[in-house]
Number of protein chains: 2
Amino acid sequence: MSEELLPQPDTGEIQLVKVLHALGDPVRIQLLGIYADGEEHSCDPRVLGLERLHKSTVSHHMRVLREAGITSTRAAGRNRYVRLRRADLDARFPGLLDSLLGSLASGGTGEDVPPAA
Amino acid sequence: MSEELLPQPDTGEIQLVKVLHALGDPVRIQLLGIYADGEEHSCDPRVLGLERLHKSTVSHHMRVLREAGITSTRAAGRNRYVRLRRADLDARFPGLLDSLLGSLASGGTGEDVPPAA
């Protein structure tokens, strides 16, 4: 089975304004909470607790996160696996990710955000 | 001269996703850098180094920042004065503002952001 990493910005090209734009959305900030565990996650909306969304909508959100430099997406056959770029984000913007995750944990989204799986 | 504080969310009502959405814009993240000094700033686009924008566009950005809970706007006659809600943001999301300002200083916006005045 062929595998490939989908296109993503290099660490030095990650822009703050794009990171904030990507995370300034209720679904994508919820995904950040899921990805906070550092593990790879399937893009299956059911697995992510996003059954209410169409698969194409979830794919759109995945793409925004990837293009902002927040996540890496690995393609394996027809499947996609997403992981947080924690080391890259910490290198680019020291302390930002931890403070975002801490703020998320404090319930500031106005949505029911599940804890990091 | 009458003065009033324009409507803004209480500290406990400030939502992370709205803060990130508000700052996920090149102009508004630039404004955050200007307001980082904690002082009141006029909304005059020339004073803010935003001559390229129409006054109504600047007003729109001011409103988004205020409604997200990032800034307070004081109206005095026909003038508006904007200030960062640092204490409120620090209380709501400890460490977030400092990490955002630090990230901004590291040049992650992809724009020429002037240093805090």
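Author: A polar contact is a pair of N or O atoms within 3.5 Å, and within protein one of the two must be able to donate a hydrogen while the other must be able to accept it. Please keep in mind that this is a predicted model.

Reader: Which backbone oxygen lies 2.6 Å from a polar atom of the side chain of Arg66(B)?

Author: That oxygen belongs to Pro7(B). Arg66(B) itself sits in helix α3, which covers residues 55-67 of chain B, and, once its neighbours within four places in sequence are left aside, Arg66(B) is in contact with Leu6(B), Pro7(B), Gln8(B), Pro9(B), Thr71(B) and Thr73(B).

Reader: Is Arg66(B) buried or exposed, and what is the nearest side chain of opposite charge?

Author: A salt bridge requires a side-chain nitrogen of Lys or Arg within 4 Å of a carboxyl oxygen of Asp or Glu. Arg66(B) is buried and has no salt bridge, the nearest side chain of opposite charge being Glu67(B), at 4.5 Å.

Reader: How many salt bridges and how many residue pairs in polar contact does the rule find across the interface of chain B and chain A?

Author: The rule finds zero salt bridges there, whereas two residue pairs are in polar contact, both at pLDDT 80 or more. On the side of chain B that touches chain A, the elements giving two or more residues are α1 (16-23), α2 (26-35) and α5 (96-105) of chain B, and by class this side has 11 nonpolar, 11 polar and two charged residues.

Reader: What area is buried between the two chains?

Author: The buried area is about 1,800 Å², with carbon and sulfur atoms giving 65% of it, and the contact takes 24 residues from chain B and 24 residues from chain A.

Terms used:
Residues numbered from 1 in each chain as written. Chains lettered and ligands numbered in written order. Predicted model: local features only at pLDDT ≥ 70, side-chain atom pairs only at ≥ 80, totals over all residues. Heavy atoms only, no water. Contact = heavy atoms within 4.5 Å. Buried area = accessible area lost by both parts, 1.4 Å probe. Helix = DSSP H or I, 4+ residues; strand = E, 2+ residues; numbered from the N terminus. Nonpolar A, V, L, I, M, F, W, Y, C, P; charged D, E, K, R; others polar. Buried < 20%, exposed > 50% of the residue type's maximum accessible area, 1.4 Å probe, protein only. Lys, Arg positive; Asp, Glu negative; His and termini not counted.
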